[in-house]
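Work through the exercises below with the sequence and the structure in view. Each task is followed by a stepwise solution.

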Amino acid sequence: MAPLRVGLVGLGEVAQSIHLPVLADQRDCWAIAGVFDVSPSLVALVTSEYAARAFDTAEALINSPDIDVVFVLSSDDTHSRFVRTAMQADKHILLEKPACLTVREIDELLALMPAYRKTLFVGYMRRYAPAYLAARDELPAHADITHVRIFDLISEGRHFLKKSRNILYPNDVDPALLARGARERDALIREVVGTDAPADLVRAYRGLTALSSHHISAMRGLIGEPKGVVAAHRTNGGANTSVTFDYGHFACLYDAVVDDLGLFDAMIEVRSNTRRVRIIYDTPYIRSLPTRLEVTEAGPLGPVTKSFGPLYGDAFSNELEIFHRHIVEGTKPLTDLADSRRDLALMAGIIERMKESGGNV
Ligand SMILES: NC(=O)c1ccc[n+]([C@@H]2O[C@H](COP(=O)([O-])OP(=O)(O)OC[C@H]3O[C@@H](n4cnc5c(N)ncnc54)[C@H](O)[C@@H]3O)[C@@H](O)[C@H]2O)c1
């Protein structure tokens, strides 16, 4: 099969650090055929590095007969607009997480599904990391789970990325466009948090959609759907969140702390009375850093720990290989729009609990 011709909308950090290099590596599967961004300097850089055609608008790229697959890598507030156009043009779609910012936007896109015949894949790469995939065979039976603990104790991606890639952060985007984007993003967030929500609740929702969505999606993929959100709390101006999910016979505790320490400490831990499984993701979003899996069981002399890894399979490369396979085989991805709707509904539930518990700046 000829490589599929990819058009990328949005050429920012994730496009430059992840998708463009992975697409170029997987040259038998993909050809970088077209690009669009509202920053002229980014378009100039990427077209010179990857010999792709620059389109005048996102719509021209999406509707072009020379594009088979659209990668939506622009800011969150633009996702539903570009996905709608790509679904109506019947193109395959790689959609960066979060799929959208509101359940309403997803519902409007889901209404287009009956006429859409292609593959839409949401890029939750932690669900395609080798340690995560291997953990599924090591988990205790669901009925035996007694506790789950998940955390993201991290610094922002730029702490790490600037040491590994020379990313261009442009300063030539039309200020009117930037202001419009900020207004649209704020309006979408306020649909969920409320028009008069305090700044720390707005920040908490941004953190949920930008960071926590990874682990909320991974949690659901690993141990199924929670019955609901028991409690949620925000501190440190909304930069830190603590959430308790109700799984009936056990609770799942999630913590996010974002600081400037320059550490990346992220984990999912599932326990029964005699077994502990840990997926260790101490990998900021830099390609090809390893994940690890640890399985500890009660033994006659005391606990015995089996270690998998470091596993160097790259989660981002895996996700694109799996996306390609779904396109070729016509199969349905695990991380699709309906799946992302569940994440956004849970995030809205978390916000409702946060409103009850109040903030602590
Ligand atoms: N999977 C991951 O680990 C991961 C990591 C980072 C970002 N992301 C997601 O990827 C997306 C992009 O994030 P980023 O960090 O690259 O952000 P970014 O701000 O660096 O890049 C976004 C790009 O979109 C462009 N853009 C904005 N409005 C546009 C429009 N109307 N038309 C065309 N281009 C437009 C901007 O000019 C910018 O270049 C976000 O949805 C984010 O949540 C995912």
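**Exercise 1.** Which helix gives the most residues to the shell around the ligand?

Solution. The model is a predicted one.
- Step 1. Start with the shell: 26 residues surround the ligand, and the closest are Gly10, Gly12, Glu13, Val14 and Glu96.
- Step 2. Assign the shell to elements: helix α1 (residues 13–25) gives the most, with three residues.
- Step 3. Sort the shell by class: 13 residues are nonpolar, eight are polar and five are charged.
- Step 4. Sort the shell by domain: domain 1 (4–124) and domain 2 (127–319 + 342–357) each supply at least three residues.

**Exercise 2.** Describe how domain 1 and domain 2 meet.

Solution.
- Step 1. Take the bounds from the domain assignment, which gives domain 1 as 4–124 and domain 2 as 127–319 + 342–357.
- Step 2. Compare the centres, taken over C-alpha atoms: they are separated by 24 Å.
- Step 3. Find the contacts: 26 residues of domain 1 touch 29 residues of domain 2.
- Step 4. On the side of domain 1 that touches domain 2, the elements giving two or more residues are α1, α2 (40–50) and α5. The largest share of that side, seven residues, belongs to α1.
- Step 5. By class, that side of domain 1 has 13 nonpolar, seven polar and six charged residues.

**Exercise 3.** Where do the buried residues of helix α4 lie around its axis?

Solution.
- Step 1. List the buried residues of α4 (residues 79–88): His79, Ser80, Phe82, Val83, Ala86 and Met87.
- Step 2. Look down the axis of α4: these buried residues fall within an arc of 165°, so they line one face of the helix.
- Step 3. Recall the geometry: an α-helix has 3.6 residues a turn, so residues three or four places apart point the same way.
- Step 4. Identify the cover over the buried residues of α4, which includes β1 (4–9), α3 (58–63), β4 (69–72), β5 (92–96) and α5 (103–110).
- Step 5. Follow the chain past α4 to Asp90, whose phi is positive, near 55°.

**Exercise 4.** Which residues of β5 point one way, and which the other?

Solution.
- Step 1. His92, Leu94 and Glu96 point one way, Ile93 and Leu95 the other, and all are buried.
- Step 2. Turn to the pairing: β4 and β5 run parallel and are joined by four bridges. Phe71 has Leu94 of β5 as its bridge partner.

**Exercise 5.** Is Leu301 buried or exposed?

Solution.
- Step 1. Locate Leu301 in the loop between β13 (291–298) and β14 (303–311).
- Step 2. Count its neighbours: Leu301 has 6 C-beta neighbours inside 10 Å, so Leu301 counts as exposed.

Terms used:
Residues numbered from 1 in each chain as written. Predicted model: local features only at pLDDT ≥ 70, side-chain atom pairs only at ≥ 80, totals over all residues. Buried ≥ 20, exposed ≤ 12 C-beta atoms within 10 Å, placed from the backbone. Arc of directions from axis to C-beta. Contact = placed C-beta atoms within 7 Å. Near = placed C-beta within 6 Å. Nonpolar A, V, L, I, M, F, W, Y, C, P; charged D, E, K, R; others polar. Domains from an automatic or database assignment. Pairing = 2+ DSSP bridges.
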